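Thanks for coming. I will go through one model today, chain by chain, and keep to what can be computed from it or read from its record.

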Amino acid sequence: MTASVTGQARAASERQRSIFKVPLSVALSVLVALFFVAAAITPAALSTHSPFDTDLLSSLTPPASDHLLGTDDIGRDLYSRIIWGTRQSLLIGLGAMAVALTSATVLGFAAALAPRWIAEPIDRILEILLAFPTLLLALLFVALLGPSATSLLFSVGIGTAPGYARLIRAQTLKVKSSGYVEAAWALGHPGHTIFRQHIAPNAFRPLVALFALGIGQSVVWASGLSFLGLGVAPPSPEWGALLEAGKANITVAWWLEIFPGVAIVFVALSFTQIGRYIQDRLEGTLHQ
Amino acid sequence: MNAFAQAQVMSHDGMGASRLILEVRDLNVWFGQDGDSRRHVVKGVDLELYAGQCIALVGESGSGKSVTARSLIGLAGAGSRVEAANLTFEGETLLGRSDRWWRHVRGSKIGLILQDALVSLDPLRPVGKEIDEALWLHRWGDRASRREKILKILGQVGVPEPALRAKQRSGELSGGLRQRALIAAAIALHPNVVIADEPTTALDVTVQAQVLGVLKQMLARGTSIILISHDLAVVSKLADIIYVMRGGSIVEAGPRDRVLNRPRHRYTQQLIDAVPSEHTKGTRLSADGGVLRPGLFSQSRGRSSNNRVPLLDARNIVKTFRSPDGIRRTVVKGVSFTLARGETLGIVGESGSGKSTLARVALSLETPDSGEVRFEGRIWTGAVPAEQRQIRKRISVVYQDPLSSFDPRWRVSRILTDAITLANPSRAQDARQYAAALLEAVGLEPVHLDRWPLQMSGGQRQRVAIARAIATEPEIIILDEAVSALDVSVQAQILDLLTDLQAQLGISYLFISHDLGVIHHMSDRVLVMKDGKAVEQGTADQVFYHPKHAYTQSLLASLPRLEYAQLRMAASAR
Amino acid sequence: MPVISSGLDMVPADDVQPRSSSNLTRRILRRLGATLFVLWGTVTITFLVLSILPGDRATILLNIRSGQAIERTPEELAPINAAYGFDQPIAVQYIRYVSGLLHGDLGASYELQRPVLNIISEQIAPTFTLAIAALVLAWIFTIPWTLLTAGRGARLGAFGSAAETILAGLPQYWVGILLLIVFAIWLNWFPVIGGTGLVNTVLPTVTLAVPLAGFIGQSIRSEFDRAMREPFVLSARARGMSAAGVRARHVLRHALIPGITLSGWAIGHLLSGTVLVEAVFARPGLGAVLVNAVNTKDFALVSGILILNSFLYVLINFIVDLIYLVVDPRLRDKA
């Protein structure tokens, strides 16, 4: 017994210490994420050229000291265009995630907590929606709303919502059937107190991690739709639009297709990594 | 020690001096990297095993008994470092051996039996295949002869219809059969030594008795056994020599009767004293107690003087559950009981007997299909929610796993003040002081207020759960396997604490357990459950000394007990 | 520490559990019912979304055919509404739609004015081939990778899992672009412009398989690590089995179980993932048709493809469920 007690105490103190000591991959992810957030807020400060100035004399130049990531077919600086495209790309991802999580939270909670005659149909509808792959559901809404940044945001949000709703439902059900909720009933607490004190906070906790995880994925989906020509249209430096615009010159100017993709991958991986880390820590501290 | 062992063996089989099979001198095991995180879990252990002998390593969790045993088959675990002055098995050293060498020894010369065959046999494969694997790995026979051999071994360990059972998976077999299949896989090649690590733990007593019988037969056939157990009663049935371990070291070793009757080490004595049984009734099991401040409970609590109406009165409770595929299972079949003020009613039964469901019905967390529960004569099953909540405050509950019953976001202080202010809103101002007083009452200290339950030991958590249970000044506490997951010495402390609280606060207990010793120690009256029915009810002594129902009789007959003259004398002296 | 089972009386911890064949049949029938229900639901939701949400379908139809985007007069719209039944009450349209589906009629494309079913059946073969090939390839990547890196120490595990995280996070379209640039443009090993032949299928398959392998790998690994801690692993070692033997013969089978579920899910997502990959490699198939249909608002075609996709998805998941019952006998016993 003594050994296991000190073992637990040590584990706990290690956890405490590691608040200040995050893994390298997470630290790097935070740096990358901060860079892109800064680019979204003040693109001018980070870019080297104007993203819109054309220079036909230096069109399609490969990456070099003058143009870090090369230029496109009408001589615009790719690096600066990626920086200026950050805001829109991130905002769409953020907005899509907000749409997805808001609707998913309402539906997930309702499916787990509402009386049977409400919960049951919602659960069934979620099950049906899950039979539509994310991309197809998003495409359906793009088709209805027409291609634009706003419709992209809603389409991706709606496309990803059913999956999140089922996750939140499962988490809420887990909390609802937990020992501490039963203990609260047994103590004689009324239902609304139990919801306020136990169910809501514990069911909400994983949402932070989910949000971080989801932003990266939303950026990937949204850029994918733009790449298909169903989202933000090319003159805009949104990353998917950059990829679509570069497609025509793929045989001669590889950088136009590689670097916007690298930006998407960086955002996706860093936010995923941060989300995972939050998730692990929450689980680590809460459930041994 | 050598002499003891020798003497014991001679008296055991009467065949004169036996061969020394295994000798261990100064065994040390560390886990982890060098430096801070390195843990020394086995410290200078010496063991001797003679042919046909059973030695037992007894200790509580963290005593290093399992790691010691596993070092003997080269499977101490990932990141372990094993050192010894001497580690000799049948004349060959076990130190510095290659994996290939070990693989040859494991299974053929030394076998290992673990706790709970449900997970110790691959749940995805038929048990016959698991036994076959042991033979196949050591290139034993061809397919047909192996098949014959499998059936023979299964028959040997007492599995009926071996051909049928061999095709089933561990999940499809009953607890007793699957544990026998596990033993069959370990002894398929007739190893000289079998290490049995808690082989009967988590089994119902009747099944436990059967498995002990199989192990006894193995001994009779000349196999040597190293038995690892926390349960002195189990050990007393099988072992020739007992090694008592604590914190990685052996604190006492000697022949069984000497260790159990005249323990030399204080810790051994504590362990023996801590085992609750019919002999310990009315005595303390530990040397530890809480500090109960006078006036902890307010005077105003409704001790209505009406003693003719039982506090809790359950009548003909029936409860059926529907599984998702529509099959109905009646879990409680018309059980009635009463609980008077200040008394303890023990409900005992094996797993699946319906005792926990009965408790949930008594708490009105489940609505019975028929029957009713009255609290002080008022029907409270199916009462309006507000009234139910009023009654719930007067009935508390303590579960087997306290950790899961605490909100992971709450510290101890919040867990307690939540219950305190719920029962008595006027205490909101000094809830923290009151919480501190409650902690003292259950043998903890005010500093524990700011702890997370996750950081506490199992015993401390259970004390917090009890503090929460008495925070609402209840008249009844339902204890649902509340001490089942605890080490025996911690269990003893908690049982003593419960006894003290009952004496001082006059609380009634509904004490649910599968452990007959615990039930007899704690209960005034006992209700025996089997398959959802109450097969026998009566005072504890009636039920335990003069059981009427065949099931109760078989339960008591299978129960391994510490039966030593010394123990009884010790009990009566205290 | 001995933890003695007590908790739930609902779980029959002991005695031979009932295992009748009627129990199994019952389970399969329930799954079948649920499957049919989801199918009906997908049809209904598709229908509702298309008929209730904005945009007058007759106008869209006329505009697609004429290639203009202008307002139409009621006189122009009337014959279209009559021909397609848009003037009927929703309920009547719904019944006609569903009964059409039951006869295998998915309606006619607005733009191409041909039966949707014909268009789909012409284009589905390359898409389906691609999806299945990608799934198979992903498994071929994953199993040896897991056996090599999982359950063999923390460092190797961390490396394996980091690689999986990165692969799973890669957008399919960018993987495709990368492969196209490296293997088709620079190295010239594969044609740049797509067709549906074997050579043209290699890069698209790898493109879809790489992120999927990362994804399946993650779930297999966590189950693998969990199974490695189970006591049956120690039992098998104590029988004389080697560490590698235990991993391959016992643990892997446990780890594959979540991978099987994931494969059912993956088929549906691979079919939609082909949309992007077909765009990258200019490969003909259902995805290309869908993108075009979304662009032109050819709702008949969009909904046809959507329903077909979810039909396949639901059907495959039903089959996966049946496979499950074979692979994991524990599920058969469970209530």
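**Annotated domains, helix packing and a few residues**

I start with chain C, where UniProt, in an unreviewed entry, lists residues 124–324 as "domain: ABC transmembrane type-1". A word on that record: UniProt positions are given in the numbering used here, feature names are shortened, and annotations may be inferred rather than shown by experiment. This is a predicted model, in which local features need pLDDT of at least 70 and side-chain atom pairs count only at pLDDT 80 or more, while totals for chains, interfaces and linings use all residues. Residues are numbered from 1 along each chain as its sequence is written, and chains are lettered from A and ligands numbered from 1 in the order in which they are written.

Helices (H or I, at least four residues) and strands (E, at least two) are DSSP runs, numbered from the N terminus.

Now a helix pair in chain C. Two packed helices are described by the angle between their axes and the distance between the axes. Here axes are lines fitted to C-alpha atoms, for helices over the stretch in contact, and angles run from 0 to 180 degrees between N-to-C directions. Helix 9 of chain C (residues 231–238) and helix 10 of chain C (residues 243–280) have axes that come within 11 Å and cross at roughly 140°. The crossing of helix 9 and helix 10 of chain C is right-handed. A crossing is left-handed if the near helix is turned anticlockwise from the far one by less than a right angle, and right-handed if clockwise.

Which residues make the contact? From helix 9 of chain C they are C:Phe232, C:Val233, C:Ala236 and C:Arg237, and from helix 10 of chain C they are C:Val246, C:His250 and C:Val251. Contact means that the C-beta atoms of two residues, placed from the backbone, lie within 7 Å. By class, the contact of helix 9 with helix 10 of chain C has 5 nonpolar, 1 polar and 1 charged residues. In that scheme Ala, Val, Leu, Ile, Met, Phe, Trp, Tyr, Cys and Pro count as nonpolar, Asp, Glu, Lys and Arg as charged, and the others, Gly among them, as polar.

On to chain B, and another pair. Helix 9 of chain B (residues 205–220) packs with helix 21 of chain B (residues 550–558) at an angle of about 45°, with the axes 8 Å apart. Helix 9 and helix 21 of chain B are therefore oblique to each other, and their crossing is left-handed. B:Val205, B:Thr206, B:Gln208 and B:Ala209 make the contact from helix 9 of chain B, and B:Ser554, B:Leu555 and B:Ser558 from helix 21 of chain B. Those residues divide into 3 nonpolar, 4 polar and no charged.

Helix 9 of chain B also holds B:Val214. Is B:Val214 buried or exposed? B:Val214 is buried, with 20 other C-beta atoms within 10 Å. The cut-offs: a residue is buried if 20 or more other C-beta atoms lie within 10 Å of its own, exposed if 12 or fewer, and partly exposed in between, with C-beta atoms placed from the backbone. Leaving aside neighbours within four places in sequence, B:Val214 is in contact with B:Val157, B:Gly158, B:Arg180 and B:Ile183.

B:Ser236 sits in helix 10 of chain B (residues 232–238) and is buried, with 22 other C-beta atoms within 10 Å. With neighbours within four places in sequence set aside, its contacts are B:Arg256, B:Leu260 and B:Leu562. B:Ser236 and B:Arg256 are 20 residues apart along the chain, and their C-alpha atoms are separated by 6.8 Å.

Two loop residues in chain B have positive phi. For B:Glu376, phi is near 50°, in a residue other than glycine. B:Glu376 lies in the loop between strand 15 (370–375) and strand 16 (378–379) of chain B, and is partly exposed, with 17 other C-beta atoms within 10 Å. For B:Asp531, phi is near 50°; the loop here is between strand 20 (525–530) and strand 21 (533–539) of chain B.

Last, chain A, which has 11 helices and 0 strands. Of its 288 residues, 48% count as buried.

Methods: Parallel < 35°, antiparallel > 145°, perpendicular 65-115°, else oblique.
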